[in-house]
Amino acid sequence: MNSKLEDGLDMAAREARLQFLTWERTPDDIDAPAHRARCARLSATAGAEIDDTAYIAEKAAVFTEKLVLGAQSYIAGYAIVRGDVTLGANCTVNAYACIAGKVTCGDHVRIASHAQIMGFNHGYEDPDVPIARQPHESRGIVIEDDVWIGANAVVLDGVRIGHGAVIAAGATVTRDVPPFTIAGGVPAKPIRRRGEKSNTDIEAALRSVGASIGTEWRTILQRNLRDGVYVSREADGQERSSIRHLCDAIEIAAGLDERPEGLDIPAAITTLKAIQDPETGLFPDPSRPPRPDLPLREEGLALYNVLAVGYALEVLGSRPDHRFTAVELDAPDLCTWLESLPWRTNAWAAGACVDAIGTALYFNARYFSTGRVRETLFGWLSLHVDRSTGLWGSPTASEGLLQPVNGFYRLTRGTYAQFGLPVPHPEATINSVLANYRNHDGFCGPTYTACNLLDTIHPLLICLDLTDHRRAEVEAVARAIITRAPSRWRKGEGFAFADGQEPGLQGTEMWLSVIHLAAKLLKREDAFHYVPKGVHRTQAVGLGL
């Protein structure tokens with residue numbers, strides 16, 4: 001056999017091997033004339049933008065309108081790639097995999113043999129038209145960085161797979177997969193979070209934080225005491241005093257069945273009661289005098305302190321002195337008030353107002369007298385909830401669902417949850433809350449705040465009391481919160497409200513409540529010996545309607 005024939009046979013054998021073992025490609029294979037010609041042809045016929053270090057095997061079936069193939073990526077032989085496909089750097093599409101429709105992959109994505117990523121769907125809703133004649137639709141699939149799609153897995157249109165996720169072999173993914181989640185089954189559901197070995201890890205994290213607050217709470221409260229006044233560190237690093245911070249200190253101690261060390265209980269009760277406005281029942285904050293041009297019921301702190309001060313008084317074994325007449329309105333006046341709230345632009349603020357209204361009605365029903373205002377309130381809420389999202393209010397251009405999701409927490413906390421009533425559309429709500437969590441990448445950096453996580457976990461908890469809808473995904477969120485908690489704790493200082501801020505009373509109280517709620521969702525609250533007794537308590541009071 002002559003040398004030219006031998007070289008030809010060697011080259012053919014090499015090409016055949018690279019159809020299946022494409023990871024064996026070398027710079028020489030990438031720079032081979034046949035491969036460069038193949039890339040040039042695909043650039044001309046398939047809208048391909050192929051990095052100089054990427055490789056496409058000879059037998060790969062590429063029929064795209066647009067293809068982006070990043071550095072060090074490859075497509076193996078007998079894979080099918082068609083549609084509008086973007087593959088980032090270091091992505092691999094193995095033999096017999098199929099990618100179709102609109103699909104966008106980040107970097108370091110692994111797609112195993114026989115996996116099917118289907119970024120389009122046939123229309124089929126009209127029973128009078130053959131399916132083959134109904135138009136295609138494509139919402140698209142997004143696969144974030146560092147994802148592994150196992151052999152024979154199917155990913156359907158409209159799905160987003162979060163950073164670091166793993167899709168088990170044979171799974172059918174019909175819903176979004178949270179970051180760092182291992183999902184499997186048909187339909188795919190979260191199995192666990194990467195790095196978690198068992199529920200033992202969750203309980204260890206809960207016991208760790210529980211032990212820290214149990215031994216350090218006195219030090220934390222003392223650290224935030226200035227000349228007998230509790231202060232908190234704000235986002236700008238400044239210390240500020242507010243009646244809320246006394247309430248935070250009372251609540252932190254109460255969660256451990258304690259009282260703040262050195263606190264004169266009768267004097268504290270007198271201080272808290274003294275700020276209640278006898279005419280309206282509301283609680284204007286001494287640190288911020290009311291504006292004479294603004295009705296007290298439009299003062300945010302005066303409304304929030306219905307919760308903060310009212311519950312703190314209960315924790316101390318007391319109660320407000322005055323009936324909350326501000327909320328005892330006839331039906332037209334209450335509806336006018338509710339309709340004037342900023343549901344379209346600031347659903348959180350609107351929900352916060354409803355929270356205060358519901359809580360004031362709770363105090364009236366328990367300690368004073370109330371008319372039929374609650375019936376009007378719940379009737380209005382039932383007529384104004386968005387059935388498609390399960391929320392009240394509108395998303396915004398800059399924040400998406402964040403406002404209505406956070407507003408849902410405040411609204412339902414003081415109404416449905418407080419009075420032990422079921423929320424109207426729990427499955428739609430779960431979909432919305434999980435979508436909001438995903439759209440903010442599970443919250444990270446400046447958005448990883450006690451508020452955002454509280455406003456995620458509480459709605460999911462009360463909805464799962466009514467349905468098992470997407471329970472595994474919800475539980476993955478709860479586990480993610482708990483497993484991160486020990487690393488966020490600052491010895492002798494507590495929790496910061498948000499990453500990058502200094503620990504303080506507000507952050508400590510809210511994060512402890514978030515962890516309790518997450519543990520309760522997982523039915524692991526016995527491992528965490530902190531139970532909110534005030535603003536963030538979960539025990540419904542009922543009282544009837």
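## Helix packing and selected residues in a predicted model

Aspartate 227 is found in the loop that runs between β20 (225-226) and β21 (229-233). Helices (H or I, at least four residues) and strands (E, at least two) are DSSP runs, numbered from the N terminus. The structure is a predicted model, in which local features need pLDDT of at least 70 and side-chain atom pairs count only at pLDDT 80 or more, while totals for chains, interfaces and linings use all residues. Residues are numbered from 1 along each chain as its sequence is written, and side-chain values use heavy atoms, with hydrogens and water left out.

**Loop residues**

The phi angle of aspartate 227 is near 50°, which is a positive value in a residue other than glycine. With a relative accessibility of 83%, aspartate 227 counts as exposed. Here buried means under 20% relative accessible area, exposed means over 50%, and partly exposed lies in between (1.4 Å probe, protein chains only).

Histidine 108 also has a positive phi, near 60°, and is a residue other than glycine. Histidine 108 is placed in the loop between β7 (98-105) and β8 (110-111). Its relative accessibility of 40% makes histidine 108 partly exposed.

A further loop, between β18 (181-184) and β19 (189-193), contains proline 187. The peptide bond joining valine 186 and proline 187 is cis, with omega at about -10°.

**Packed helix pairs**

Two packed helices are described by the angle between their axes and the distance between the axes. Axes are lines fitted to C-alpha atoms, for helices over the stretch in contact, and angles run from 0 to 180 degrees between N-to-C directions.

| Helix pair | Crossing angle | Axis distance |
|---|---|---|
| α6 (residues 265-274) and α7 (residues 300-315) | roughly 150° | within 10 Å |
| α5 (residues 243-254) and α7 | about 40° | 9 Å |
| α11 and α12 (residues 426-439) | roughly 125° | within 10 Å |

Angles under 35 degrees count as roughly parallel, over 145 as roughly antiparallel, 65 to 115 as roughly perpendicular and the rest as oblique. Ile269, Leu272 and Lys273 of α6 meet Val309, Ala312 and Leu313 of α7, where contact means heavy atoms within 4.5 Å. Of the residues in this contact of α6 with α7, five are nonpolar, none is polar and one is charged. In this division, Ala, Val, Leu, Ile, Met, Phe, Trp, Tyr, Cys and Pro count as nonpolar, Asp, Glu, Lys and Arg as charged, and the others, Gly among them, as polar.

Helix α7 also packs against α5, at an angle of about 40°, and these two helices are therefore oblique to each other. The crossing of α5 and α7 is left-handed. On the α5 side the contact is made by Ile243, Arg244, Cys247, Ile250 and Ala254, and on the α7 side by Tyr304, Asn305, Ala308, Val309, Ala312 and Val315. The residues of this contact of α5 with α7 comprise nine nonpolar, one polar and one charged.

The axes of α11 and α12 cross at roughly 125°, so α11 is oblique to α12. The crossing of α11 and α12 is left-handed. Leu402, Val405 and Phe408 of α11 are in contact with Thr429, Ser432, Val433 and Asn436 of α12. The contact of α11 with α12 holds four nonpolar residues, three polar and no charged.

**Buried positions in helices**

Alanine 249 lies in helix α5. It is buried, with a relative accessible area of 0%. Leaving aside neighbours within four places in sequence, alanine 249 contacts Leu221, Tyr230, Pro260 and Leu505. Between alanine 249 and glutamate 509 there are 260 residues in sequence, yet 8.0 Å in space, C-alpha to C-alpha.

Threonine 412 belongs to helix α11 (residues 402-419). Threonine 412 is likewise buried, at 0% relative accessible area.

In helix α8 (residues 331-339), the buried residues are Leu334, Trp337 and Leu338. Seen down the axis of α8, they fall within an arc of 95°, so they line one face of the helix; the arc is that of the directions from the helix axis to the C-beta atoms. The face turned away from the buried side of α8 carries the exposed residues Pro332, Thr336 and Glu339. The cover over the buried residues of α8 includes α9 (347-367) and α10 (373-384).

Definitions and conventions:
A crossing is left-handed if the near helix is turned anticlockwise from the far one by less than a right angle, and right-handed if clockwise.
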